[in-house]
Amino acid sequence: MSKPRHTDAILNAFPVENGELLIGGIPLSQLANRVGQTPFYAYDRQKITARVAHLRQHLPDEIHLHYAIKANPMPAVVQHLAGLVDGFDLASGGEMHVALDTPMSSDHISFAGPGKSEREIGSAIAAGVTLNLESETELETAARLSEAQGIKARVAVRVNPDFELKSSGMKMGGGPKQFGIDAERVPAVLKRIGELDLDFQGFHIFSGSQNLRPEAIIEAQEKTFELAYRLASGAPSTVKKLNIGGGFGIPYFPGEQPLDIAPIGDRLNELLTEKDKQMPEAKVIIELGRYLVGEAGVYVCRIVDRKVSREQVYLVADGGLHQHLAASGNFGQVIRKNYPTLIGNRMGETRTEQASIVGPLCTPLDLLADKMELPMAGVGDLAVILQSGAYGYTASPHQFLSHPMPMEVVV
Ligand SMILES: Cc1ncc(COP(=O)(O)O)c(C=O)c1O
């Protein structure tokens, strides 16, 4: 049996001209000169725009599309998305500052995540950002700070559902979890919200992420609506917002196929018809991170050495695990697999060889591509890791071994 490959759709996602990958229409070597250094991350604005358009085409018009800033909080990326999506989801006070610098109204910004500090909760209240409450402690803090500021905090309950998103890269709901308030505990919390002077918004039910199976996403969405209807009967006021999570994945590894969102859109149309009967005033939100930005980004590093050790070719790059932890396989992967990788200035090279791309760190974990069939490459060439627009730059331990920082650009 032949080894699974990355799909051509991924490998050919960026056009090629004169043997050079074009990122944002710019030949890679020229882009490297423009950035002025390697390594760098580049995010293609046009691809982000096209991705949002693709979603809009397949999802019902009534769906409010939110961007989960954690996937890529670069201010220029978030600014660009502010003009495309209907809202933002935050995971920290730092992300709140980035979001509030954009024209996005705070009516459409929500803040989830366990362990919110008093300072973060206070800022969210002052800004009019909806707090997706992760615990009863957060509820009481929000009520206290709300009273102190004389502003009714907007609150929603993040529910830890009684089901999970099957076959997900990351399960964030179902069973015991640090996220959200267990569904069975929610009625008591809703009662308490009713006793406090707070502006109840609705529910946030996020069950998982990085899912490539439409049927699993559809099943979780069906269960999410059912759970919301059950919980709504105990709500202190009408449900204005129902955030049904996201979980749309992107293919990273050999053999993985892109997610087909058409069936999800079709089923959502039916689910929304029912929702209009059960919860007519609720806006339905889908919250996506990597699906919006992941495929629009590349990580580029330069080969600085070429070594052959006992017949194995090593291309040593000026970037590695400290700048792209996920591509090294150390960001939640159980079995290390290669990200789609190209030699971006040798796209026309027909001679190939099996090579490993490693970084400059003194650890065997610093492996960007393990024994991949790549065009023959050497010192000065540019290695490109695709699918790097999400959980790349900010999900990496830059300080590890004190190398210079990578740059980030939007093109
Ligand atoms: C609450 C919440 N929203 C959104 C996301 C974004 O997930 P993804 O980037 O896979 O869409 C996550 C991921 O962990 C999350 O926890």
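Ala, Val, Leu, Ile, Met, Phe, Trp, Tyr, Cys and Pro count as nonpolar, Asp, Glu, Lys and Arg as charged, and the others, Gly among them, as polar.

This is a predicted model, in which local features need pLDDT of at least 70 and side-chain atom pairs count only at pLDDT 80 or more, while totals for chains, interfaces and linings use all residues. Residues are numbered from 1 along each chain as its sequence is written.

## Helices α9 and α10

The axes of α9 (residues 214–232) and α10 (residues 262–278) come within 10 Å and cross at roughly 5 degrees. Axes are lines fitted to C-alpha atoms, for helices over the stretch in contact, and angles run from 0 to 180 degrees between N-to-C directions. Helix α9 is therefore roughly parallel to α10 (angle under 35 degrees).

Contact residues (C-beta atoms, placed from the backbone, within 7 Å) include Phe225 and Tyr229 of α9 and Arg267 and Leu271 of α10. The contact comprises nine nonpolar, two polar and three charged residues.

## Three-stranded sheet

An open sheet has the strand order β1-β2-β3, with antiparallel pairing (at least two DSSP bridges between two strands). Its edge strands, β1 (16–17) and β3 (26–27), each pair on one side only.

Strand β2 (residues 20–23) is joined to β3 by two bridges. Ile23 has Ile26 of β3 as its bridge partner.

Note on methods. Helices (H or I, at least four residues) and strands (E, at least two) are DSSP runs, numbered from the N terminus. Angles under 35 degrees count as roughly parallel, over 145 as roughly antiparallel, 65 to 115 as roughly perpendicular and the rest as oblique. Two residues are in contact if their C-beta atoms, placed from the backbone, lie within 7 Å.
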